[in-house]
Amino acid sequence: MNPAHFLKYLLSGLPLLSTLKEYRLAWLSKDAIAGLSACIVSIPSVIAYAELVHLPPITGLYAALAAAIGYALFSSSRHVIAGPDAAIGLLAGSAILPLAAGDPARIVSLAAVLGILSGGVLLLAARLKLGVIADLLSRPVLIGYLNGASLVLIATQLGKMFRIKTEGEEFFELVFTIIAQLAQTHLPTFVFGVLLVGLLIGLARWFPRVPGALAVCAVAIAVSFAFDLGSYGVALVGSVPSGIPSLTIPTFHWSDISALAPAAVAIAFLAFSDGILLAQTFAEKNGYEVRPNRELVALGSANILAGLWQGFPVSASQSRTSIVDSAGGKSQVAQLLVAVGLLLFLFFLTGLIALLPKVALGAILIVTAFGMLEVAPLTGLYKIDRVEFGIAMGVTLAILIAGVVPGIILGLLLSLISVLVEVSRPDDAVLRRLVSDGKFHHCMGDEEAESVPGLLVYRLYAPLIFANARHVMTRIRTLVDEADHPVKWLVIDAQAIHDMDVTAAQRFAELHRELAEDGVDIKIADAPRPFLEELAKVGLSEEIGRGDFFGSVKKAAEAFELTYGPKGPRATNMDQTAGQHR
């Protein structure tokens, strides 16, 4: 391969190299501050997210390190920081725990396998150039998912707050377990947990620039050291290993693959939906473009590396990304410096985690869950569209009753069904001529408009495909039959019919022949090329005839009036037909 071509190929495959090629030394100080700030803030959060998957706290750091490296290498975004995420961690935990049957070693292996599977789904989507898959997760589904996941997340952490042993991830089972065992609440743990939750809320309200999770962990460790909380029965994280593990392929059973596949697909959807939205938001703010398929590759690589590094599935982090942006970060170098900071912590500072009370992690996750709740958007959906509100509530209830993975799968199905319903019943209109300018419009207000006797002008606001063809053809027949005057010309304003499949073309051909037998001529106005090409494929362009195509509805109406107007050659016949119609 030509060296120049190879370099171009390498630069396109690794956007980081393109960034480094154009990197300015003036950016380094800002990237350093941004990267180290994000690293410091992320440490307590990623440790807490490991708890969601019922993994040792150190695995949160492993996953964060792997995500920082894997994402920075391949991402076209210069600001997004990848790592463990509360919603993704909860989804992963709900899929893993039933398979692990309480075996800690199996939990570690299954979490790694799920990370690799999720990454594989993302890479396959990138290979097939399916960057648009994120659009399948509609806003109502995401609102419903976040609300359901938030409530489940709160329920899973109540056990830490009361120091009551709970099992599983089912919302109602967890709540009933807590209620039934309230008498066994460990008072020192509960009081300390409530104080930490209050501290988090207070910091968020009055000192929003202070990283709450970091501050709470620092306070909790200091109090634990000063008052020896462990001697009062407050559970501590305990000793954690230093350094990093070697890259390994996790052990698994082949049956685990099929069992984890639905969760892997759901994680891939969620990770990419959040990731591309975040990347596009900050790219637009900072004046550059991101490539969706590159983001698929970056997230896929981050997940695979996290799995090989004994971590768990990861996604893009809005909070850490916002920190990088607010600190003036300029490039992916900031994320590489996040990785450097995590490495230093893993080698030299993991001893600090040993004194961290577990209730502090529960407090962080509970406050995080409340922050994830989408109450205002849900209220907005109720006011704007009751159907979409129903979809959001349906997803939330499905998650609370059946679990996180079934809930998100139901959400995807509801999104697809709602799209099909909308496509199968597209908007349309009968156009009328404005007296003011003689042009045909879809009149909805007080415009003074008129209909031309014998002329029916129909506009479809959608592509004509198999899903809506029967409905549209039936609709046209009804309009022709119910017209005030016998229809001689049916003019179809085709400007919005940018696509037509074979099924729809065949149904259109049937309609054309039926109306022709009834003496109704079909004319086409303002037709786009794809529509014309499909007519030609089924032989309709010749059957309709070149003279039946017009550049605009106005020109078609003028031709109609030349034929059927007061002085037109066929006006008499039309008058006779009108009399018979009356």
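Is Glu51 buried or exposed? Glu51 is buried, with a relative accessible area of 12%; buried means under 20%, exposed over 50%, and partly exposed in between (1.4 Å probe, protein chains only). These views come from a predicted model in which local features need pLDDT of at least 70 and side-chain atom pairs count only at pLDDT 80 or more, while totals for chains, interfaces and linings use all residues. Residues are numbered from 1 along each chain as its sequence is written, and side-chain values use heavy atoms, leaving out hydrogens and water.

**View 1. Glu51 and Lys160 meet in a salt bridge.** Their side chains come to 3.4 Å, N to O. A salt bridge here is a side-chain nitrogen of Lys or Arg within 4 Å of a carboxyl oxygen of Asp or Glu. The pair links distant parts of the chain: Glu51 sits in helix α3 (residues 28-52) and Lys160 in helix α7 (residues 139-162), 109 residues apart. Helices (H or I, at least four residues) and strands (E, at least two) are DSSP runs, numbered from the N terminus. Lys160 is buried too, at 17%.

**View 2. Five strands line up in an open sheet.** Follow the order β3-β7-β8-β9-β10, with mixed pairing. Two strands pair if DSSP finds at least two bridges between them. At the edges stand β3 (428-430) and β10 (549-550), each with a single partner strand, so one side of each has no neighbour in the sheet. Further in, β8 and β9 (residues 521-525) run parallel over 5 bridges, and Val491 stands opposite Lys523 in β9.

**View 3. Arg459 and Asp493 join two strands of the sheet.** The side chains form a salt bridge of 2.7 Å, N to O. Arg459 lies in β7 (residues 455-460) and Asp493 in β8, so the pair ties together parts 34 residues apart in sequence. Arg459 is buried at 14%, and Asp493 is buried at 2%.

**View 4. Lys523 forms a salt bridge with Asp548.** The closest N and O atoms are 2.4 Å apart. Asp548 belongs to the loop between α22 (540-544) and β10, whereas Lys523 is in β9, 25 residues away. How accessible are they? Asp548 counts as buried at 16%, and Lys523 is buried at 7%.

View 5. Look for Ile497 between β8 (489-493) and α20 (502-517). Not counting residues up to four places away in sequence, Ile497 touches several others, including Leu460, Ile492 and Phe531; contact means heavy atoms within 4.5 Å.
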